[in-house]
Amino acid sequence: MKKIIYALILPLVVVSGLVFANREIKNETSKKSIPKPLSAAERKAALKKWEASPDGIMYKKWEASPAGKKVHAGAAKIRKSIRDYTNMEGVVTSLSLPPGSRLGFGVMVRINGDDYILAFGPEKSGKNILNFNNEFEQLHSLKVNDKIIIRSHSVSYAPKYSIPIVAGDYVERDSKIIYKRVPRKGGC
């Protein structure tokens, strides 16, 4: 009888030791992989270095051009609504993004008389494991001239696009939510 008990306890001890050792290894690797944030001086030096690069010079030229100033002015118009995450009324002007865009799924909207790209990100094809259709399904029902309510946490711009890019976080049509971005798991 004692031999059977020892035979059962010994594998249990070995397995628990391996699990504990594996946990220690994972903890060590996660501690090592956290990068140290840059100091203000390091960030400033990195920015200066980028501004001196060909991409940085091209960006600065675009920023000073009439097209760049127009994009920055459009972004500034909605910055308060973005910062406060308040409703912005928009009208869908196009169901497709500019040719050659790499923003994923999105539509063109007019907010307060200015045009914006309302981008939602890459579209996942098919159905997921739980048999739900992709998250943009209701957005595909939008039509040109639909009035929508938009909320967003960010507006961005790039020399490739002649209008600001608004991240689509929340869209409502006829007082019904048709899209709400799901927060990422385990993070901000």
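**Helix H4**

Helices (H or I, at least four residues) and strands (E, at least two) are DSSP runs, numbered from the N terminus.

H4 spans residues 66–84, 19 residues in total. From first C-alpha to last it reaches 28 Å, close to the expected 27 Å, which is 1.5 Å times one less than its number of residues. A kink of about 50° is centred on Ile78; the bend is the angle between axes fitted to the seven residues ending there and the seven starting there. Just after H4, Tyr85 has a positive phi of about 55°.

**Basis of the model**

The model is predicted: local features need pLDDT of at least 70 and side-chain atom pairs 80 or more, while totals for chains, interfaces and linings use all residues. Residues are numbered from 1 along each chain as its sequence is written, and side-chain values use heavy atoms, without hydrogens and water.

**Aromatic rings**

There are eight aromatic pairs (Phe, Tyr or six-membered Trp ring centres within 6.5 Å; planes under 30 degrees apart are stacked, over 60 edge-to-face, the rest tilted) in the structure. Phe136 and Tyr179 form a tilted pair, 5.6 Å centre to centre with 45° between the planes. Phe136 lies in the loop between S3 and strand S4 (147–151) and Tyr179 in strand S8 (residues 176–180), so the pair ties together parts 43 residues apart in sequence. Phe136 is buried at 0% relative accessible area, and Tyr179 is buried at 2%.

Trp50, Tyr59, Trp62 and Tyr157 form one aromatic cluster.

Conventions:
Buried < 20%, exposed > 50% of the residue type's maximum accessible area, 1.4 Å probe, protein only.
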